[in-house]
Amino acid sequence: MRAVQQAVLSEIVDGRIWASERSVWFSGVRLRARTSVIRLDDGRLLVFSPAPPSDGWLRQVADLGDVSWLVVPNCFHHLGTPVAAAAFPEAKILAPRSAAARNPDLRIDVEIHDPAFAAAVPECALLPLEGVPFLDETLLYHRPTQTLFGADVVLRADEHDHWTWRFAARVTGCYNRWSVPHDVRKKVVDKAAASRSLRALQTLPIKRLIVAHGEVIESEPLAQLVEAWRRVGVES
Ligand SMILES: [Fe+2]
């Protein structure tokens, strides 16, 4: 199934979750990178891993509602946020300090480990992936839809991807198999901490996992996530 069109928002969960994809070049391969939009309980919108918005995308979002949050999920997925922030001046930016350290144009309104976000948006939970400061990723769990959002915690290439990524994915074991990104595998500095983070995820009822690179995972999302990390030595 090919549910998400390039740079256009497609509905993933009726009235609640939408996503768009764009092409990005990273380390010599062309990946698809997803941006997700969640309608919060107050009717406003949270944008997870913002891309630089196109005019068409902005029109679609304007039809959905006001954007109250822009979420930078790790220290790699920050590039589109300054441009998105200019388009949504009322939105607060939730991000890790490690992303701002890499991007002087990135403003942070609420640091991603600050409990202020959970107080403001009680239907969401933030779950840091500890032990991998190279990525410094925090996952977001949306309780009303039982959806877990991540960026690079796992990724997968398939037949819809550009040949450069299909080729690299076959070499690195990510073709049609959810895997920890190749450049992250050797950067797990505390496996016990990563294991604790994965166990925390396993306490949640998770219907789907939506990450940046690969299709939406609705078939055993937690088991596939756990298995990917088990293959790099992180048991949970
Ligand atoms: Fe990524």
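1. Start with a pair of residues: the bridge partner of His142 in E10 is Thr147. Strands, and helices too, are DSSP runs numbered from the N terminus (at least two residues of E for a strand, at least four of H or I for a helix). Two strands pair if DSSP finds at least two bridges between them. Keep in mind that this is a predicted model, in which local features need pLDDT of at least 70 and side-chain atom pairs count only at pLDDT 80 or more, while totals for chains, interfaces and linings use all residues. Residues are numbered from 1 along each chain as its sequence is written, and side-chain values use heavy atoms, with hydrogens and water left out.

2. Strand E9 (residues 138–142) and strand E10 (residues 147–149) are antiparallel, with three bridges. Leu140 stands opposite Phe149 in E10. The two strands make a hairpin with four residues between them, and Gln146 in the turn has a positive phi of about 50°.

3. On to E8: this strand pairs with E9 in the antiparallel sense over five bridges. Here His142 turns up again, as the bridge partner of Cys124.

4. Is E9 buried or exposed? Five of its five residues are buried, so E9 is largely enclosed by the rest of the structure. Buried means under 20% relative accessible area, exposed means over 50%, and partly exposed lies in between (1.4 Å probe, protein chains only). Thr138, Leu140 and His142 point one way from E9, and Leu139 and Tyr141 the other way.

5. Which residues hold the iron ion? His77 (NE2), Asp152 (OD) and His213 (NE2) coordinate the iron ion at 2.0 to 2.1 Å. Donors are N, O and S atoms within 2.8 Å of the metal (3.2 Å for Na, K and Ca); water is not among the atoms, so sites may look incomplete. His77 and His213 are 136 residues apart and link distant parts of the chain. His77 is buried at 13% relative accessible area, and His213 is buried at 6%.

6. Finally, find the largest pocket, which is lined by 30 residues; His77, Asp152 and His213 are among those nearest its centre. A pocket is an open set of points on a 1 Å grid over the protein atoms alone, where a 1.4 Å probe fits, with protein on both sides within 12 Å along at least five of seven lines; lining residues have an atom within 4 Å of a point. E2 gives the largest share of the lining, four residues.
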